[in-house]
Each structure stands twice: as C-alpha cells, then as structure tokens.
Amino acid sequence: MNIVKLILSSSFFYFAHSAAALEAPLVSIETHDNFFNSIKAHCGKAFQGQVTIDNASGDGFANKDLIMHVRSCSDEKLEIPFHVGEDASRTWIITKTGSGLSLKHDHRHQDGSYDESTMYGGQTIDAGWAQVQSFPADEYSKQLFVKTGIPQSVGNTWQMFIYPKKFSYRLIRQGREFRVDFDLSAPITPPNAPWGYRDD
C-alpha cells in the first residue's frame, strides 16, 4: 500500500512540476530582430514594385503589376505575398527559428494546391545587418532543384533589404541576378489573398 501511495505521490509531483515549467525561449540576435521588426512595421500594407535588375532572358515580369503585401504578422512569422499581375501563386515566409531567420517560398496553384516546386529557400548563416539579410539555399531546396531539373539553382542566395523608403528582393547565383524594388513611401490598396490563403 505504501508503494502505491509513493508512486501516486511521485506522479502527482511530476505532472504538477511539468505544468508549471516555462517554455524554452525562442532566442534571436539584435540584427535579425531589427530586420524582422522593420518589415513587420508595415504589416497590413501593400506596395508597388518594379524589376531593377534581371540579366536572364524572358519577360515573365514585364508589363505586369508587381505588388508585395505584408499580409500576416506574428512575433515569429511574416507572410508576404508577391503578386505578379494576376498571378498570386507566390508567398514569401520569413520565420524566426531560434537559429536565425528562415526564408521560404510558398508556391501554389490557383486551386490552392501546392506547386511541385514549393517551400524552397534558405536560412541566415551570419548576423547580417538590420537592413539586409541573406538566405543561401538550404539542403531541401538543393535536392528539390535537382529533382525538378534546375540544378543551376543549387547555388541560389536570396537577399532582402529593408530601408525606410524601399524594400528589395534579390536573387543571386553565378551568372544570375534578379532584383525587384518596392516603394515603401506610397502604400497602395492591398490585393486579395494569394492562392491557397483566404481573407477572413
């Protein structure tokens, strides 16, 4: 009987102690926090952009409205749809991971289903700056690029720049550079939700 009481007493102490335990903190450094918070300060707003550098052939972005929308923000995650004309397939997702910042590209079809090439991106590997962060391709992305027949993208690094009047998204790799700049001084009417998301 005493053994049973001891077991019950020990179990009660364990569960009571667990319930009172604090969650582990989500750690971050100042440059990452400042970068994240500078973008978050524009939450709910949308901005017009234009391609300022593109050294590849093709006109996928030509003569189309380019709009970024800082649509959803929490203390750990920012969701930023990037609309290209009527194409609402792209959403940038910036997340605090406890080991830095992660950038992912959520690609959807118009019915909301995932594109084969989705959630690629990378993670910061250094402190960066309050205004600029770089995201070299992570291993998931590298394997995805090989699988989908674009191995040249294995060397991708994505960069984001945030200044008082300008936000920039840049892709670089050997022989390739693409950049689009958005005017933060002139907010526009936010677009509808991107594909796969909804306006509540």
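Strands β5 and β6 form a hairpin with four residues between them, and in the turn G98 has a positive phi of about 90°. Strands here are DSSP runs of E with at least two residues, while helices are runs of H or I with at least four, each numbered from the N terminus. The model is a predicted one, in which local features need pLDDT of at least 70 and side-chain atom pairs count only at pLDDT 80 or more, whereas totals for chains, interfaces and linings use all residues. Residues are numbered from 1 along each chain as its sequence is written, and side-chain values use heavy atoms, with hydrogens and water left out.

R90 has H107 of β6 as its bridge partner. On to the next neighbour: β6 also pairs with strand β7 (residues 120-123), again in the antiparallel sense, over four bridges. Here S102 has Q123 of β7 as its bridge partner.

How many residues of strand β6 are buried? Seven of the seven residues of β6 (residues 101-107) are buried, so the strand is largely enclosed by the rest of the structure. Buried means under 20% relative accessible area, exposed means over 50%, and partly exposed lies in between (1.4 Å probe, protein chains only). In a regular strand the side chains alternate between the two faces of the sheet. Both faces of β6 are covered, with L101, L103, H105 and H107 buried on one side and S102, K104 and D106 buried on the other.

F145 belongs to helix α3 (residues 139-147) and W158 to strand β9 (residues 157-163), so the pair ties together parts 13 residues apart in sequence. Rings of Phe, Tyr and Trp (its six-membered ring) pair if their centres lie within 6.5 Å; planes under 30 degrees apart count as stacked, over 60 as edge-to-face and the rest as tilted. Ring pairs also link F61, F82, W92, F167, Y169, F178 and F182 into a cluster.

Finally, there is one disulfide, defined as a pair of cysteine sulfur atoms within 2.5 Å. C43 and C73 form it, with their sulfur atoms 2.1 Å apart. The link of C43 and C73 is right-handed, with 115° about the S-S bond. C43 lies in the loop between α2 (30-40) and β1 (46-54) and C73 in strand β3 (residues 72-73), so the pair ties together parts that are 30 residues apart in sequence. C43 counts as partly exposed at 34% relative accessibility, and C73 counts as partly exposed at 25%.

Key: Two strands pair if DSSP finds at least two bridges between them.
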